[in-house]
Amino acid sequence: LISEQGRAYREAVRALVAESRTGAIVGPGRVEIEAHRPDKRRRDLDNILKSLLDSLTYAGAWADDSQVVDLRIYWADTIGGMVKVSITE
């Protein structure tokens, strides 16, 4: 089950993907994620991946996240509580 907060996140990702893309990638893809912490507390970078990749699948960025063959995620030096995602085929 996905929580109400999780469903809202998934819908927000879907809306952003709809604004920024013309269609889903068809073949293998590369994903680069620049993560900005919301504050200075320590956080685990890997906790970002599951919900984000599942939300991108829901949003239609690809048919299935198994298409991602190259994945990079890193912390940005700035605070901002967001992620910047680049997807290339």
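Is Ala15 buried, partly exposed or exposed? At 29% relative accessibility, Ala15 counts as partly exposed, where buried means under 20% relative accessible area, exposed over 50%, and partly exposed in between (1.4 Å probe, protein chains only).

1. Basis of the note. This is a predicted model, in which local features need pLDDT of at least 70, side-chain atom pairs count only at pLDDT 80 or more, and totals for chains, interfaces and linings use all residues. Residues are numbered from 1 along each chain as its sequence is written, and side-chain values use heavy atoms, with hydrogens and water left out.

2. Helix packing. Ala15 belongs to helix α1; helices (H or I, at least four residues) and strands (E, at least two) are DSSP runs, numbered from the N terminus. Helix α1 (residues 4–20) packs with helix α2 (residues 49–59) at an angle of about 55°, their axes being 8 Å apart. Axes are lines fitted to C-alpha atoms, for helices over the stretch in contact, and angles run from 0 to 180 degrees between N-to-C directions. The two helices α1 and α2 are therefore oblique to each other, given that angles under 35 degrees count as roughly parallel, over 145 as roughly antiparallel, 65 to 115 as roughly perpendicular and the rest as oblique. From C-alpha to C-alpha, Ala15 and Leu56 are 10 Å apart in space and 41 residues apart in sequence.

3. Seven salt bridges are counted, each being a side-chain nitrogen of Lys or Arg within 4 Å of a carboxyl oxygen of Asp or Glu. One of them joins Glu32 and Arg72 (3.6 Å, N to O). Glu32 lies in strand β1 (residues 29–36) and Arg72 in strand β2 (residues 68–75), so this pair ties together parts that are 40 residues apart in sequence. Arg72 is partly exposed, at 42% relative accessibility. A network of salt bridges links Arg30, Glu32, Asp70 and Arg72.

4. Salt bridges of Asp39. The side chain of Asp39 meets that of Arg41 in a salt bridge (2.9 Å, N to O). Asp39 also forms a salt bridge with Arg43, with the closest N and O atoms 2.9 Å apart. Asp39 is partly exposed, with a relative accessible area of 23%; Arg41 is exposed, at 54%, and Arg43 is partly exposed, at 30%.

5. Surface patch. Tyr9, Val83 and Val85 form a nonpolar patch on the surface, with about 200 Å² of accessible area together. Patches are made of residues with over 30% relative accessible area and no salt bridge, like charges being joined within 9 Å and nonpolar side chains (Val, Leu, Ile, Met, Phe, Trp, Tyr) within 5 Å; accessible areas come from the Shrake-Rupley method with a 1.4 Å probe, and for residues only the protein chains shown count as cover. Val85, in strand β3 (residues 82–88), is partly exposed at 35% relative accessibility.
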